[in-house]
Amino acid sequence: MKKVIYRLQVCLLVLVFFGCDDFLETENKTGLESDKNYQTAEDVSTNMLGIFASVQDVMHKIIIFNELRSDALEPSDTAPIELLSIANYNDNASNSIIKPNEFYRIIVNCNDFLQNAESYKLSGDYMSEDQFNAHMSDVLRIKYWTYWNISKIYGKAYYFDDPLDQIEDIDKVTNLVPMTLEEMIPFLIEKIENSTYDLKSKVDWRALFDANTDFNFYSIDAEALLGELYLWNEDYQMAANIYHRILNDRPDINITLSGETYFKNGYRNLFSSGLSGLNNHILTGVEYTETNGQLNKTGQLFFQEGGERQLLVSKAYVDMSLSQESTDKKDGDFYRGQRTSFNVGDRAVKKYTFAAKPRVPVYRAAELHLKYAEALNQLGEFDKALALLNQGVSKYWNGSNFESPFDDGSWHPKWRNAKGLRGRVKLASRVLDDALSDEEKKTLIDMWILEEGALELAFEGKRLESLIRVSLRYNDPSILAEKVASKFEESQVSTIESLLMNQEKWFWPY
Amino acid sequence: MNSKINFLFILIVLIFIADLEAQNVRAIKILDAEKQLPVANAIIKTDSGLEVKSNKDGFVELDVNDVATIYIRKEGFKNLEIKTFNGIKPTYFLFSEDVNQMKDKFGAVWSSVKETDIDHSDLSFDINSRGKIAGVLIQQHSGMPGEGTEITIRGNNSLSLSNKPLLVVDGQIYQNDGYESPVFEGFYNNPYNLVNTHDIESVTFLKGSAAAMYGSLGSNGAILISTKRANELKTRIKVSSWQGISDIDHKIPLLNNEQWINKSLEVLQTDLTINEIYSAYPSLFNNPDNVGFHQYKYNTNWQDEIFRLAISQNYSAQVSGGDEVAKYYLGIGYNNNDGIVSNTNFTRYSTRFNTDVNISKDFKVKVNLGVNYNDGQLIDSGINNNNPIYAALFKSPILQPKKVNFEGEELPDYDPYHIFNVSNPLAILNDNESKYVGYSLLGNFDLSYQINDNFWVNGSIGHTSWKDEQHSFISGVTSNAIVPTYIYNNYANNQVKHFVAKNSSLHAEAKLGYNKSFHHANLNVVFGTRYLSNKYETIYSYGMNTSSDKFITLNQTNPNDFRDISSDFYERRLFSNYLTFDYMIKNKYNLSATINYEQNNGHASSISGGYLYGNLGASYDVGAEPWFSSNAFLDILRFRMDYGRSGNSRLHAGLTDKLYQPKNFSNVTGLVRKNIYNSNIDNEITSTFTFGVDLISDRETIALTIDAWRSTTKNLIVYNQTDNFIGFDGVYLNDAEMSATGIDLALNTKFNISKFNFAFGGNISNRMNKVTELGDNDMLVTSFNGGQKIIREGSSGYHFYGLKTEGVFIDADEATASNLINDSGYRYQAGDMKFTDITEDGIINDEDFVEIGDPTPDFFGGFYGRISYGNLSLNAQFSYVSGGDVYNFTRTLLEGQTSTVNQNRSVLRAWTNYGDVTDVPRVSYGDPALNNAFSDRWIEDGSYISLTDITLAYELPIKSNTLKRSKVFLKGRNIWTSTSYLGYSPEFNYNGNSLLQGVDYSKMPVPRSVIIGVEIEL
């Protein structure tokens, strides 16, 4: 009997001392464990697409910041309180729309990619060096673009490269001193100009996936970003050079903003998908494929349950659009305005509600025209700036070559069809009074560009930042304050104006 | 602390003191405990070889020299064994065989309650246990048949993890965390109905450190179910049946057609001119000349249309028997419960087969198998266009269920949802498909071998699995009777939802035991090892807009509209080695301990090593002292003390690793980071100290048991919000600590006056909780649908957190004088709510939030009374909860006066004119003033006392060789409730989550029922 006991004890002990850890090893299927990621070239691409997808989550914030806080939009009666308080500059860092979490989630994902993709690279796979570098540069561009937007919206940003894997890593960044908008501009210019990766390179998706796949539409255009940064940095020559390079030198950009058929059939389709000819107009855009489970928070703002929209176009904006002088016997800025952007009657925004897959442009040709004109204006090239703004470079084509001031040989012959922003939508030109001084002309053209931007880029998330940029340029907060206050009821105008004379109030808190 | 040491010291000293032994002839009287009559002819044996019988007066004289043990036997009574070292009493009471003795009910060392008196007239044991066990709060989730209860033992010890007690069936751990259905909003599956009440022998509730032997699964206490086995060789057959009807306790008073029209006009006039209203809502100006007059001429109380008298029925049969080698028990059951909302139903088919095989004298095998099949028809709860209860409350009374043509003739289709935008509740109940199917299987195989007189081994292996499948089709595209749901920029005119949850677990255990009886003591030691693996998996699919309501499957949904598939999977594993030790000296000193070294995966994967859990308990029974025996009327006067350390490892696997998750992009899928993970996340650790006293009298006329306990939970997991620039909202940290003290008291008495037997008793429990540490946070605010809750350091846990009100502004002067605006700039006017501006900044916003209610009850329990006369007995059981606050979410909609949904009759006292003093503010379309914001206006006292059970039973006096017993009974359940709560029922529990405790989204109310039944034993 003793033997039996002994044997049984041995059996029990065997159970006790073997394999405890193996017994407890389970696969975590609630997500992909980190040691299973970044194993293959496909993993690298998949993670990068995840970052593209994350950009979808911030577009509505950019639009709300720029349009609801400017003179363009106002909350409807049924808008949630978060939107009401944003519209009234009653800012609260706990407001879920104001919270910058989604922006920083892009940053964390970018940092995670940049760190882990490097380690993948060492293992070697079928992805070529060029393709790999293009992935890295794509992610860097998104990171810089995101920081740029954080800076514009919040006035400050916490810059870090850590992927924040675990809680201990949070401590590394909580004590950072945030960079101000002014500090961020040269910092990002330096990052982009001196990047170890060629930031103009793009992934060859057709080689990676198949002939029909190309995600470069979502890729941030490095030059467009850099041009914008130089413009904010008041380095107008550099900005003008870059915009000229993009518009003039690239083969794939429809620089001309031309064609009768354009505004009649295609203009509104900028915001839907499938028209490859018009895709050229968008250098970078964000698209929501709702059938594939992508929540379009941008569309939701304008098309709500039970037909109740959260945001409406302000009366001030409608008046501005209707008061434009048409050359086509229409009501004001008809083609860009009520035909494309909004309804006059119920003041609903319709730009994003045409199609099942609405697009939100991040950079598009018309914006580059405006920014190029802005830079040229600051350089004193008023005629060039006005040509881009009014009826286009085509007016300077004499049948064989361009006339002054476009006769320096740097203008591609394609410009001979270019209509200009106003000409394209059949609006009358803005004409300078020759009696004005150069300074007065410069200021006036800047104001025209601001207004043209409001009309052209309506509700695309560009309005307030333009007002900020110009106000900073002239060191005159009243430029922004007056414009924003114009949509408020008379009793509130002075309150809002005096509030916005304080620059800090322009930005969202966090 | 000093008192604890002193007690232990005395205990140890006492163990070594020799007792004096009695040495003489003693007269003993033997009485029947219940009838108090002498028991004649009882056989009295001693271990010295004497054998005598009691005389007709129950007397016997016995020479107790050299006698250590006296055995008393009498047919029909339980055997009695007397150790002479405990002294010899002048009188001994015998208890008849079928009496459940209090002595066996309460644990000798640990705080535990063993219920053997299981009521058979319900699906699961939990519903009828309400109010019966001190320290155990059992509340029905709702009146939805099959949904069951939420059980908490001594309150919640966790803020983020499961607070459910561990469920153990025949020694096998059953994972019962349950799930919240994504198909039927608010539906929570009931793990307790996996065993038919007829098949249950006993249910033991382990409180505090008693459950610490289960290590990281034990911090919430444990419920041990023992199923029935054959205890005799003779074949026994029992058949029983009951039939019941149920009904809603009361309906909510709503506006009638005229009142509703007036109220709706008032509301609409705050937004539109009367002409605009006339053109948009012509039905509000209905008169016989209108074309659509007949559609809007009714006065319907929609509650009458959906609630019904519901019928339930149960049939079950059990057979047991066998021979010397093998015994078996077979139980089958059929249970069909209709819900009080039309077309809701839950049916269970259950079978259980337990066998005991003696392969040899020393080698025994047990095989247990339980199989259930459930199906049912359920409904949605919550804020949902498909919730029939909300639809019935909100739908305009001027409409009626069926479509009516212009001539006033009723058509077969259901009336559409109209401009008032409320679904037709009858279309929800009749046009939709809402199916539930569940299977469960519990099987285990248990071998024991007695090696010699002292050593034994036991091995068991068991498998449990269950699978629930839910399918719902929400119609609407054809009938237009259900309001489309807006989701992901799509209108879902009809919807298909499908959900599957699967759980399977493997439990293996091996034990080596050692028993030894010494002269005055008994020693039991068990060394065991246990392995548990539990896999849980869910799959949910969703689609919308099939081309017609005839097409109800997922593949028929529109591929161009939003579709969703989501799933979850995790596996919990646990491996532990334990040693239990139980040492009893002279029936009075009892020392018991468990040491459990456990490894589990409920923590970050970077943490290695295991956990040391266990308990230590000691008790001293003064009643067993010989010097106490001669005069005492007390049988047991026991002092208990125990300490235990257990854990909670029921972490979701998503928190333990750095993870990536898919994110859809264009027509492909990308990967993004899922979390910032906590590489230190660990088991929560709860330690409990209990001091208890049990007092049981000789005849058990009085049984009092009191536990005073204190528990501390460290490593408490809380969700910490991170800085906004971290990118993720927050992380889970083991950052908090909580301590609680409580008292559980139970008193049972019984006595008889002539031929009437009476029994009265009750229990009361409380828990005083304090969050002693909250990490770096001063407070944590968490939102739920409709409001938010706060935890502060030093507070008792989750409290409601919102605005405070001071009535309604009587007139413009008062409103102007307050000079208040809300967050959106609205200036408060006469008739608006007067919120307290805590910050005194003139703006009412979230900075003015204060704690406005505590959902945790102050105390709870139950009491009972029983009278029996001959074969007739009447039994009443009450349960009560005192002091828990409830957020009546439904009332926020029924008293909101912001749209045309029907309202509670209380809105008739709403503010209308200057000078009105009332608690209900003015009407206002869309509520720009935010009068209906989350405030103390919606917080109500959830206290109640309910007659949960009243039963009149009659044992038929027919007895023969074949018929052993037969009984008929009439039972009322929840037939009386006293509460000041304004909702349907103060007894509800949304989903067991601490955050939603006390939040009433109006699930199906708990009904009152009458049941009639019969039981026959052959």
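This is a predicted model: local features need pLDDT of at least 70, side-chain atom pairs count only at pLDDT 80 or more; totals for chains, interfaces and linings use all residues.
I started with strand β1 of chain A, residues 32–33, and found it paired with β32(B) in the antiparallel sense, over 2 bridges. Looking for the residue across from Glu33(A), I landed on Leu659(B), which sits in β32(B).

Next I looked up how the two chains touch. I get 62 residues of chain B in contact with 66 residues of chain A, counting a contact when the C-beta atoms, placed from the backbone, lie within 7 Å. Which elements of chain B give two or more residues to that side? My list reads β23 (455–474), β26 (495–517), β27 (521–544), β28 (564–585), β29 (589–600), β32 (659–665) and β33 (668–673). The biggest giver is β28(B), with 8 residues. I also checked the make-up of the side of chain B that touches chain A, and its residues split into 25 nonpolar, 23 polar and 14 charged.

Then I moved to a sheet in chain B. It is an open one of 4 strands, ordered β3-β2-β5-β6, and the pairing is antiparallel.

Strand β2 of chain B, residues 43–46, pairs with β3(B) over 3 bridges, in the antiparallel sense. For Ile43(B), I found the bridge partner Lys53(B) in β3(B).

Conventions:
Residues are numbered from 1 along each chain as its sequence is written. Chains are lettered from A and ligands numbered from 1 in the order in which they are written. Two residues are in contact if their C-beta atoms, placed from the backbone, lie within 7 Å. Ala, Val, Leu, Ile, Met, Phe, Trp, Tyr, Cys and Pro count as nonpolar, Asp, Glu, Lys and Arg as charged, and the others, Gly among them, as polar. Two strands pair if DSSP finds at least two bridges between them.
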